[in-house]
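Take a look at the sequence and the model below. Then read on for a short tour.

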Amino acid sequence: MAFYKQPCIHCGTFIDSDARFCVSCGSFSPFGYLCPECSRPVNKGEPICSGCGRQLYTLCPFCGGRTFVQEKCERCGRGLMVKCTNKRCGAFQFFENTKCSACGKKIKVKMGGK
């Protein structure tokens, strides 16, 4: 049971400190950013993850603009997450991941195009 509330870094709504997503804006990372490859905490502005070496900036598949690896593109605002196609999992993953970081299955969903 959470006794303390913290603000979501995306919308500022105070939510339980042990929450896994923000009930107001729906963010899956309400208290900080995580590397989409190894789930290590990262800071916006860092060029690579210190845990796995993954590039932390990529091109949006929708607008082609450079964006930080987060839930939505910094330029066009479109979602960058895809749902794992494993019926038992369904975890949301960053669109560039080739396998689900939750269950390990290959991700078959593709996105993109203008």
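Is G32 buried, partly exposed or exposed? The model is predicted, and in it G32 has a relative accessible area of 25%, so G32 is partly exposed. This glycine lies in the loop between β2 (14-16) and β3.

**The overall build**

Now step back to the whole chain. It has 0 helices and 8 strands. Read along the sequence, the pattern is β-β-β-β-β-β-β-β. The C-alpha trace spans about 40 × 35 × 30 Å along its principal axes. The radius of gyration is 15 Å. A compact globule of 114 residues would have a value near 13 Å, and the chain agrees with that.

What share of the residues is buried? Of the 114 residues in the chain, 30% are buried. The chain exposes about 7500 Å². Carbon and sulfur atoms supply 51% of that area. Contacts tell another part of the story. Among those with a separation of 6 or more, 20% join residues 24 or more positions apart.

**An aromatic cluster**

Next, the rings. The model holds 4 aromatic pairs. Two of them are set out here.

| Ring pair | Distance between centres | Angle between planes |
|---|---|---|
| Y33 and F68 | 5.3 Å | 80 degrees |
| Y57 and F68 | 5.3 Å | 70 degrees |

Why is the pair of Y33 and F68 called edge-to-face? Planes over 60 degrees apart count as edge-to-face. The planes of Y33 and F68 stand at 80 degrees, so this pair qualifies. Y33 lies in strand β3 (residues 33-34) and F68 in strand β6 (residues 66-68), so the pair ties together parts that are 35 residues apart in sequence. Y33 is buried, with a relative accessible area of 17%. F68 is buried too, at 0%.

The rings of Y57 and F68 have their planes at 70 degrees, so that pair is also edge-to-face. Y57 sits in strand β5 (residues 57-59), and F68 is 11 residues away in strand β6. This pair, too, links distant parts of the chain. Together, Y33, Y57 and F68 form one aromatic cluster.

**Charges over rings**

The charged end of R66 sits over the ring of Y57, 4.1 Å from the ring centre.

**The nonpolar core**

Which residues touch the most other members of the largest nonpolar core? They are V42, L56 and L80, in a core of 17 residues. Leaving aside neighbours within four places in sequence, V42 is in contact with Y33, L34, C35, C49, L56 and F68.

Last stop: a serine. Most residues other than glycine have a negative phi. S39 is not a glycine, yet its phi is positive, at about 65 degrees. Where is S39? It is found in the loop between β3 and β4 (41-42). S39 has a relative accessibility of 40%, so it counts as partly exposed.

Conventions:
Residues are numbered from 1 along each chain as its sequence is written. This is a predicted model: local features need pLDDT of at least 70, side-chain atom pairs count only at pLDDT 80 or more; totals for chains, interfaces and linings use all residues. Side-chain values use heavy atoms; hydrogens and water are left out. Rings of Phe, Tyr and Trp (its six-membered ring) pair if their centres lie within 6.5 Å; planes under 30 degrees apart count as stacked, over 60 as edge-to-face and the rest as tilted. Helices (H or I, at least four residues) and strands (E, at least two) are DSSP runs, numbered from the N terminus. Buried means under 20% relative accessible area, exposed over 50%, partly exposed in between (1.4 Å probe, protein chains only). A charge sits over a ring if NZ of Lys or CZ of Arg is within 6 Å of the ring centre and within 35 degrees of the ring normal. A nonpolar core is a set of buried Ala, Val, Leu, Ile, Met, Phe, Trp, Tyr and Cys residues joined through side-chain atoms within 4.5 Å. Contact means heavy atoms within 4.5 Å. The radius of gyration is taken over C-alpha atoms; the globule rule is 2.2 Å times the number of residues to the power 0.38. Accessible areas come from the Shrake-Rupley method with a 1.4 Å probe; for residues, only the protein chains shown count as cover.
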